[in-house]
Each structure stands twice: as structure tokens, then as C-alpha cells.
Amino acid sequence: MGDVSKKASARNVAVERKNLITVCRFSVKTLLEKYTAEPIDDSSEEFINFAAIVEHILSHRFKGSGSWFDGQRSYWDYIRLACAKVPNSCISSIESMENIGTSRAKGRAWMRVALMEKRLSEYIATALRDSRTTRRFYAEGAIMLREEATVLTGMLIGLGAIDFSFCLKGESLDGKSSAVIDYTPYLKFTQSYDYMSDDDDQHSVDSSTSDDSVPEHPYIPLVTDEESWSTKCRKMEQRFKIVNAQKGYLEELVRLRESQLKNTETENKRLKARLEELQSQSQQEKKELEAIVLELQEQLRSFPSTELLSVEVSLDSDSQRTDGKQNGGAWCTEKDYTPSMMGLCGSLASLPSCKSLASLKSSECLVNISTENSPALSPS
């Protein structure tokens, strides 16, 4: 029973994805067929249905339960984070609108602004590239986590050929009620002469010539050839206008991409030149440092070794100690000291004085006590 339930659930989710993507394709075609020269606004039933379909797609298997402090979330919370890096985006403008309070209303305002900017496909494609944020907001099986999302962005590119004009105030942005999709425009069964065989076409023409004749097929309209051809001409003219508008949009898009590519190539050349300059500078500095190191090594070789210097210093200090003992031993052992020699004897006997005497290399700063008897030191 568990496996059967899982299979049924997976099938239901797959059918939901298929239905939403299919009806979205029909809705986009309906918008393209309706558009002539006047902008499409909120009063258009085709747009109202399209907005409801896109909202259902972006809300498909959305993890709507937020935390206790941020309340109920909507697809706007996902778009706000995933599209934060879109250049010159309208995210901050939508976020700062005072007359729009709920998250769902902000999402509807964003959808309208993105259509007026002709960038709805770009926003969704950018959001899909942030797979980490997408998996954070959508459960397994959602359209935004499947390959149908890429199909959706491709369908929405054609809307760049349509001019939209919306007012971001009023009941259309009410976030309290959920949007409802009207499937009836896409479920009507119509049959035209394009889908009939030659025999049926000939039979319908023959039967229409008689006033009392009734067509055998219940769906064959009672129209003349002139009406049929005029209808076809109008449809072909409308399709030509749509294709021409799409062609102009795509040409403008190609020019924009070429300009961006040219700027990128120029920046790349500048960075390459800068890199080569830095590499040459680093090589020059490396050579200069190597020359300095060699020079310092040569100078170190020309100096005597530190061991010899330490031996000479130790010998000098030992000889000085020996001379001091021989010359000053007689008067240092005397008990009676003159008052003038008390300070000198104390300074020579102190520890800092001994350290300073031992650290001196030459005897220039030492008091040279001669072996001759000084008059002050002679016995009375």
C-alpha cells in the first residue's frame, strides 16, 4: 500500500507540472495573438489568466510555512533572495513600496514590473541558477526543481515583444485572495478547414451551395470561401505582426549582447596587458633581490668568523682581569681605605661594573693602574 501511495502521489505531481506548463504555453500564445499595437494592461482577461498561471507555477510545491516571526511566505521571498544579484533589478523598489504590505502582493507587483521591463525570463533564469536557494524554498517534485523550469524561461522570452502597462495600485495586487486559473479558453473545441481532408472540404462546399442543405458534420461552420479566406488573411497578418515584433526584439537583444561582448573583450585585453606588466615587474624585482642576496653573501664571506671574534673577546677579557688582579691586589686587600677611594672601590666591586668591564674589548676606557706606588697609596 505504501508503494502504491507513493506512485500515485508522484503521478499527481507530474500531472500538475505537465498541466501548468501546457496551459502556460497556451496563455503565452494567446497574449501574443492578442497584442497588436496597444499595450496590455490589467483589464486584459488574457493577462489576468497568464498572471494566475505564473503565480501557480512559482507556488508549485513551495515550502510556504515560515518561522513563527516571519509569518506565511510566498514565492516573493524566494525571488527576493535568488534575484538579489540581478543588475539594475526592481527588487529593492518593490521591497520599499509602502502601499504593498503582504508578501503575495509584492510578488504580483514584481511580476508586473518585470513584464514592463521585458525581463521576466531573465529574473526566473537567474533565480534558477541559485540552486541552493531554490532547494531551500521548494519541495521535491516542484516545477522550479525540474527541467520544466528551463522550458518556462524559454517560453517567457517571447513576451519581450509585447508592451505592458500596469498600475501598481488597486485590487489586482490584493494579496489576500489566491489567483484562480480559467481553463475554459483552452478547452474549447474548434475545427477549421485547415484540419479537414480534401473530401470533407469538397463536401462542405457543395453542401453550402444549397439553401436547404445541412452539413453532416456537426462542427463544420456554415461559411463561404470568401469569409474563410478573409479570416485566414487576418490571421496571417496578425501572425506577421507578432513575428515582426519578436524579430525586432530579438535583434535588439542581439545588439545588446554584441555590445556586452565587445566591452568584455576590451576589458579582457586590458586585464591581460596589466597581468603582463605585473609579471615583468615581478621578474625585475626578483632579479634585483637575487643580486642583493648575492652581494650580502659576499660581504658575509669577507668578514672574520664569529667564533674567532668570540675567542679574541674572551682572551682580552681574561688578560684584563689578570692585569687588574696583579696591579690592584695589594691595595684592594688593605684594611684602611682613604675616603677618596671608597666610592671607586664600591663601583668596581658592584655587579654592573664587573659586567661592563668584562664586555669591553679595549683598555682605553679602563683605569690603567701602574705598578709604581702612588703617593696617595704609599704607607705613611
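Visitor: How many salt bridges are there here, by the rule you use?
Guide: The count comes to 13 salt bridges, and keep in mind that this is a predicted model.

Visitor: What makes E148 and R17 a salt bridge?
Guide: Their side chains come to 3.6 Å, N to O. The cut-off is within 4 Å for a Lys or Arg nitrogen and an Asp or Glu carboxyl oxygen, so the pair counts. E148 sits in helix α8 (residues 148-157) and R17 in helix α1 (residues 2-34), 131 residues apart. Both are buried, too.

Visitor: And why is R80 with E95 called a salt bridge?
Guide: The closest N and O atoms are 3.9 Å apart, and the limit is within 4 Å, so R80 and E95 qualify. R80 lies in helix α3 (residues 75-82) and E95 in helix α4 (residues 91-95), so the pair ties together parts 15 residues apart in sequence.

Visitor: Why is R80 called partly exposed?
Guide: Its relative accessible area is 28%. Buried means under 20% and exposed over 50%, so R80 falls in between. E95, at 35%, lands in that partly exposed class as well.

Visitor: How do you know that D163 and K118 form a salt bridge?
Guide: N to O is 2.8 Å for these side chains; that is within 4 Å, so they pass. D163 is in the loop between α8 and α9 (198-208), and K118 in the loop between α5 (103-116) and α6 (120-129), 45 residues apart.

Visitor: What joins D77, R80, E95 and K106 into one network?
Guide: Salt bridges that share partners do that.

Notes. Residues numbered from 1 in each chain as written. Predicted model: local features only at pLDDT ≥ 70, side-chain atom pairs only at ≥ 80, totals over all residues. Heavy atoms only, no water. Helix = DSSP H or I, 4+ residues; strand = E, 2+ residues; numbered from the N terminus. Buried < 20%, exposed > 50% of the residue type's maximum accessible area, 1.4 Å probe, protein only.
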